[in-house]
Amino acid sequence: SNTKYEHTLHWKEPPTLIVCEDSGFKRDHIESSVSFWRNQGYDFDMVIYRKNCITHNSHGAIVIAHDKYKLVVSEDIAKTSIDYTEGSINYANIWIERKHIKDSEVIRATIGRSLGIINSSVESDIMNKYDIMIYR
């Protein structure tokens with residue numbers, strides 16, 4: 001992992017990224033986000049595109065979907081929930097507000113959050129741009 005990023009949580013093993021295709025994400029936004037984080041020293045086991053995501057809370061995985069359950073409150077653009085044990089992440093869920101689904105920066109930042117990144121020491125960094133709430 002990268003020294004410019006501040007963490008409170010870590011993945012023991014590289015997570016699988018599960019993308020809910022019915023959410024309307026652009027595949028190249030997902031791929032470029034994965035490449036970005038890989039270049040920063042974070043790895044993913046694999047990226048899986050699912051037609052319908054019924055299951056969240058998938059052990060060892062980050063599930064990214066649109067916010068069909070209206071979990072994102074007021075002015076927030078996305079919500080990330082992370083389940084962890086003693087600082088080690090078990091799984092993460094990302095819900096992005098419908099109007100931000102096609103925003104590649106939001107996708108990159110929410111995936112960063114789900115990797116356990118809180119913020120960056122570089123002021124202009126994407127991880128400082130959005131206030132994305134993390135819930136347990």
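## Overall fold

Which pattern does the protein follow when it is read along the sequence? The protein follows the pattern β-β-α-β-β-β-β-α-β-β, and its secondary structure comes to two helices and eight strands, where helices (H or I, at least four residues) and strands (E, at least two) are DSSP runs numbered from the N terminus. The radius of gyration, taken over C-alpha atoms, is 13 Å, close to the 14 Å that the globule rule gives for 136 residues, so the protein is as compact as a globular protein of that length; the rule itself is 2.2 Å times the number of residues to the power 0.38. Along the principal axes, the C-alpha atoms fill a box of roughly 35 × 30 × 30 Å.

This is a predicted model, in which local features need pLDDT of at least 70 and side-chain atom pairs count only at pLDDT 80 or more, while totals for chains, interfaces and linings use all residues. Residues are numbered from 1 along each chain as its sequence is written, and side-chain values use heavy atoms, with hydrogens and water left out.

## Buried and exposed residues

Of the 136 residues in the protein, 51% are buried, where buried means under 20% relative accessible area, exposed means over 50%, and partly exposed lies in between (1.4 Å probe, protein chains only).

## Salt bridges

Side chains of opposite charge can pair when their charged atoms come close. A search of the whole structure finds six salt bridges, each defined as a side-chain nitrogen of Lys or Arg within 4 Å of a carboxyl oxygen of Asp or Glu. One of them joins the side chains of Glu21 and Lys51 (3.3 Å, N to O). This pair links distant parts of the chain, 30 residues apart, with Glu21 in the loop between β2 (16-20) and α1 (27-39) and Lys51 in the loop between β3 (47-50) and β4 (61-66). Glu21 is partly exposed at 29% relative accessibility, and Lys51 is exposed at 62%.

Another salt bridge is formed by Lys129 and Glu105, whose closest N and O atoms are 2.5 Å apart. This pair, too, links distant parts of the chain, 24 residues apart, with Lys129 in the loop between β7 (117-120) and β8 (133-135) and Glu105 in helix α2. Lys129 is exposed, with a relative accessible area of 51%, and Glu105 is partly exposed, with 31%. Salt bridges that share partners also join Glu21, Arg27 and Lys51 into one network.

## A positive surface patch

Which residues form a positive surface patch? The patch is formed by Lys26, Lys70, Arg98 and Lys102, and Lys102 is placed in the loop between β6 (88-96) and α2 (104-114). Patches are made of residues with over 30% relative accessible area and no salt bridge, and like charges are joined within 9 Å.

Methods
Patch = residues over 30% accessible without salt bridge, like charges linked within 9 Å, V, L, I, M, F, W, Y side chains within 5 Å. Areas by Shrake-Rupley, 256 points an atom, 1.4 Å probe, with all protein chains shown as cover. Lys, Arg positive; Asp, Glu negative; His and termini not counted. Charge placed at Lys NZ, Arg CZ, Asp CG, Glu CD.
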